[in-house]
Amino acid sequence: MKNFFFIVAIVLGLNACSKSEKHYDGEALLKNRCATCHNLDMPPKTYEDEKAPPMMAVAFHVKDFMKVENPGDKRPKFIAFFQDYVLHPSAEKSFCDKESLESYGVMPSQEGKVTEAEVGAIAGYVYDFYDQEKFMRQMQQKAAFEALPPGEQLAIKNGCLTCHGKTKAKAAPSFREIAQKSVAEISETIKNGSRGRWKGFERMTMPAYTRRLKEKEIQSLTQWIKSL
Ligand code: HEC
Ligand code: HEC
């Protein structure tokens, strides 16, 4: 009986494999086949002598210019455009503006380097990954972070807030409570660490940061803590 189920499982398994299309990893293919010309970062890095527009720009561009009646048609149409363009590019088909087309030149056909099915997987990944709303959220988070006082940025970057809350104690006393200490005491502890000074937090050690932080950064952190 055991054997019977085993055999059934194999047959079903094989069946499932032969029916479904081969599964491609769009992200890996994008990195392998397209990154020599297109920068893949979001937000993108741009270079003086770049060979092609960054993939984020391509994705946003094609999404913006693509006309569809039904929003549900957008992704499949996007994929179809990629499949056609990558194998049969031309100035007429490109959504690139004239000036960029002239400076980059039309993309060379990638026929022979990538198959239509592979471009399909790449395009699906590109469509989902380069999402305008996700990008806006990232930029807003970045702007919000940059608007924080320099000392608070350092506290976030250096993981101080994993142990200390700004106003509430966590595994360590809150920075608002610590603010009652003198500037000298605060910067001394950041440099050399401490343990056992604060009641109720004896089990945790405040690590020393002399090696990890510059004098200026310690001052900036101290200033921020004092301001709370
Ligand atoms: C040899 C360099 C090169 C490689 C490799 C390359 N591209 Fe391009 N690609 C370009 C250039 C240059 C442009 C801009 C000119 C144009 O639109 O044809 C472009 C434009 C595009 C466009 C059209 C953008 C628009 O606005 O119409 C798509 C889509 C695209 N690439 C996808 C890909 C994908 C997917 C891959 C990987 C399979 C890839 N490219 C690999 C150089 C390259
Ligand atoms: C692993 C947890 C942990 C991390 C990370 C940590 N601390 Fe602490 N910190 C503590 C503990 C626990 C105490 C209480 C020490 C004591 O009781 O002596 C403390 C105490 C302090 C004090 C109190 C000084 C005093 O004289 O009483 C300051 C200031 C401080 N930390 C700043 C920082 C800053 C700035 C960072 C990041 C650069 C940081 N801490 C990262 C756990 C941590």
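Which residues does Ser187 touch, not counting residues up to four places away in sequence? The points below answer this and then turn to the rest of the predicted model.

1. **Ser187 and its contacts.** Ser187 touches Ile218 and Thr222, when residues up to four places away in sequence are set aside. Ser187 itself lies in helix α11. Its relative accessible area is 15%. Because buried means under 20% relative accessible area, Ser187 counts as buried.

2. **The buried side of α11.** Helix α11 spans residues 183-192, and Ile186, Ser187, Thr189 and Ile190 are buried in it. These residues cover an arc of only 155° around the axis, which puts them on the same side of α11. An α-helix has 3.6 residues a turn, so residues three or four places apart point the same way. The buried residues of α11 pack against α10 (175-178) and α12 (215-227).

3. Most residues other than glycine have a negative phi.

4. **The iron site of ligand 2.** Two residues of the protein coordinate the iron atom of ligand 2: His164 through NE2 and Met206 through SD, at 2.0 Å. Around this iron atom, six donor atoms subtend angles of 87 to 179°, which makes the arrangement octahedral. The pair links distant parts of the chain, as the two residues are 42 residues apart. His164 is in the loop between α9 (160-163) and α10, whereas Met206 is in the loop between α11 and α12.

5. Is His164 buried or exposed? With a relative accessibility of 9%, His164 counts as buried. Met206, by contrast, has a relative accessible area of 22% and is partly exposed.

6. **The largest nonpolar core.** This core has 27 residues. Those with the most contacts inside it are Leu30, Met55, Phe78, Phe82, Ile122, Val126 and Tyr130. Two or more residues come from each of α2 (26-33), α3 (55-65), α4 (74-87) and α6 (116-129). The most are given by α4, with seven residues. A second, separate core has 14 residues, among them Leu154, Leu161, Phe175 and Ile225. In soluble globular proteins, nonpolar side chains tend to be buried together.

7. **Tyr130 within its surroundings.** Leaving aside neighbours within four places in sequence, Tyr130 is in contact with Leu30, Leu40, Asp41, Met42, Met55, Met56, Ala59, Phe60 and Lys63. Of these contacts, Leu30 and Met55 are also listed among the core residues with the most contacts.

8. **The buried face of α2.** In α2, the buried residues are Gly26, Leu29 and Leu30. Seen down the axis of α2, they fall within an arc of 105°, so they line one face of the helix. The buried residues of α2 pack against α3 and α6.

9. **A cis peptide bond.** The bond that joins Met42 and Pro43 is a cis peptide bond, with omega of about -5°. Pro43 lies in the loop between α2 and α3. Most peptide bonds are trans.

10. **Confidence.** The protein averages a pLDDT of 91, and 90% of the residues score at least 70. Over residues 8-21, however, the pLDDT is below 50. Beyond near neighbours in sequence, this stretch has zero contacts in the model. Where pLDDT is low, the predicted coordinates should not be read in detail.

Terms used
Residues are numbered from 1 along each chain as its sequence is written. Chains are lettered from A and ligands numbered from 1 in the order in which they are written. This is a predicted model: local features need pLDDT of at least 70, side-chain atom pairs count only at pLDDT 80 or more; totals for chains, interfaces and linings use all residues. Side-chain values use heavy atoms; hydrogens and water are left out. Buried means under 20% relative accessible area, exposed over 50%, partly exposed in between (1.4 Å probe, protein chains only). Helices (H or I, at least four residues) and strands (E, at least two) are DSSP runs, numbered from the N terminus. The arc is that of the directions from the helix axis to the C-beta atoms. Contact means heavy atoms within 4.5 Å. pLDDT is the predictor's confidence in each residue, from 0 to 100. A nonpolar core is a set of buried Ala, Val, Leu, Ile, Met, Phe, Trp, Tyr and Cys residues joined through side-chain atoms within 4.5 Å. Donors are N, O and S atoms within 2.8 Å of the metal (3.2 Å for Na, K and Ca); water is not among the atoms, so sites may look incomplete. Four donors count as tetrahedral if all angles lie between 85 and 135 degrees; four count as square planar and six as octahedral if opposite donors are over 155 degrees apart and all others between 65 and 115; anything else is irregular.
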